[in-house]
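Work through the exercises below with the sequence and the model at hand. Each task is followed by its solution.

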Amino acid sequence: MHEIGVREIVTYAGLTFNWETLCMTWLTMAIVLFISIIATRNMKLVPSGWQNVVEIIVNWLHTQASVTMGKRGEFLEPFVLSLFLFLIVSNWLGLVPTLASPTNDLNTTLGLALLVIVMVHMLGFHFKGGAYLKHFFQPVAPFVIINAIEEVAKPITLSFRLFGNILAGEILIIILLKLMPIWMPIPSVVWLAFSIFIGGVQAFIFTMLSMAYLAVAVKDEHEDA
Amino acid sequence: MIELNATLLAQVLNFLILAGLLRAFAYKPVVRMLKKRQDTIAANINRADADAAAAQATLKEYQDKLNSAREQAQQIVDEASRRAAEERARKLKETQTEIDRMKKAAKAEIERDHERAEEQLRKEVVELSIAAASKIISKNIKTEDNERLVGDFLSRVDKKKIGDFSC
């Protein structure tokens with residue numbers, strides 16, 4: 001299954017799909033949904049146990065979102081939360097033997113990055129209209145070239161950062177398992193632990209950057225943070 | 001290894017579905033619950049404030065009542081002691097009058113006894129005189145002399161000199 005660089009391809013209605021990526025995505029979605037629903041059902045007015053953890057996460061996100069994105073950004077909170085949960089479960093899924101991360105496929109990361117960037121521009125235009133277009137020409141008109149490069153760079157950096165980190169982690173796990181004899185598991189275990197850390201950090205970075213980009217589009221400049 | 005195809009669109013769709021489901025099934029309940037808790041706490045604080053105000057009002061009311069009761073009690077005590085003082089003065093006066101009256105009665109009684117005793121004495125004196133006179137007469141004294149003696153004697157047994165006798 002883990003033959004590096006070779007992907008199982010399925011063709012449907014003239015479109016090509018990476019079958020493994022799709023399966024792993026659905027598995028990730030199932031896990032995220034299962035965990036979320038388990039964690040949030042039976043909410044009580046006086047919290048106890050797991051509910052405290054869930055509430056701390058939601059409250060923390062709420063604080064982060066309102067600080068970065070302002071009042072208008074509140075409706076994006078579930079989107080940001082979903083993004084983080086999806087990415088962290090995706091990244092860690094590849095660390096389970098025989099499974100793979102959906103995020104080791106550029107299609108996934110670029111898809112999400114483009115989704116974020118398209119949302120940024122649409123929301124920016126929706127909320128600010130002409131002023132949003134004008135800000136590409138700030139501080140002087142020729143800067144539009146640099147701004148354009150920046151806008152194009154955003155989805156590319158966002159997607160390749162995540163994709164590269166996760167793919168490299170998985171490749172190295174496979175290589176380490178092949179290189180090391182089974183009685184020498186320490187390098188694999190260490191790398192696995194590091195990959196868990198990397199998976200969390202990358203999910204966090206992707207989410208925070210998305211939130212920052214969205215904030216530019218959504219936040220009211222006159223609003224006090 | 002890096003090839004873009006329709007998976008990209010599928011992944012976007014997948015993620016949007018996930019985001020929608022999470023929003024409906026996980027995010028909304030948490031937010032709703034947090035809102036509900038906030039409302040409950042706010043309501044509780046309001047109610048606590050109202051209760052405290054009511055308690056304060058009740059306390060004030062009772063304190064007022066207590067104060068007026070104390071005042072009333074003081075009034076009652078004052079009234080009672082005033083009446084008691086009046087009663088005492090009245091009783092004292094009555095007793096004084098009674099004592100005066102009794103004194104007067106006793107004096108009158110004494111006087112009456114005195115008079116009676118005087119009368120008695122006078123009678124006895126007369127009898128004794130007569131007896132004495134009889135004895136003298138028996139020793140042959142003239143009747144005229146006898147009467148004069150008796151009269152003399154009687155005039156000496158006067159009211160004012162009765163004190164000289166030991167009755």
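The model is predicted.

**Exercise 1.** Which pattern of strands and helices does chain A follow along the sequence?

*Solution.* Count the elements: chain A has two strands and seven helices. Then read along the sequence, which gives β-β-α-α-α-α-α-α-α.

**Exercise 2.** Describe how strand 1 and strand 2 of chain A are joined.

*Solution.* Start with the direction: strand 1 (residues 9-12) and strand 2 (residues 15-18) of chain A run antiparallel, with four bridges between them. Next take one pair: A:Tyr12 has A:Leu15 in strand 2 as its bridge partner. Finally look at the turn: two residues lie between the strands of this hairpin, and A:Ala13 has a positive phi near 55°.

**Exercise 3.** Which residues of helix 2 of chain A are buried, and what do they pack against?

*Solution.* List the buried residues: A:Gln51, A:Val54, A:Glu55, A:Val58, A:Leu61, A:Ala65 and A:Met69. They cover an arc of only 130° around the axis, so they lie on the same side of helix 2 of chain A. Their packing partners are helix 1 (19-40), helix 3 (77-93) and helix 7 (186-218) of chain A, along with helix 1 (7-138) of chain B.

Key. Residues numbered from 1 in each chain as written. Chains lettered and ligands numbered in written order. Predicted model: local features only at pLDDT ≥ 70, side-chain atom pairs only at ≥ 80, totals over all residues. Heavy atoms only, no water. Pairing = 2+ DSSP bridges. Buried < 20%, exposed > 50% of the residue type's maximum accessible area, 1.4 Å probe, protein only. Arc of directions from axis to C-beta. Contact = heavy atoms within 4.5 Å.
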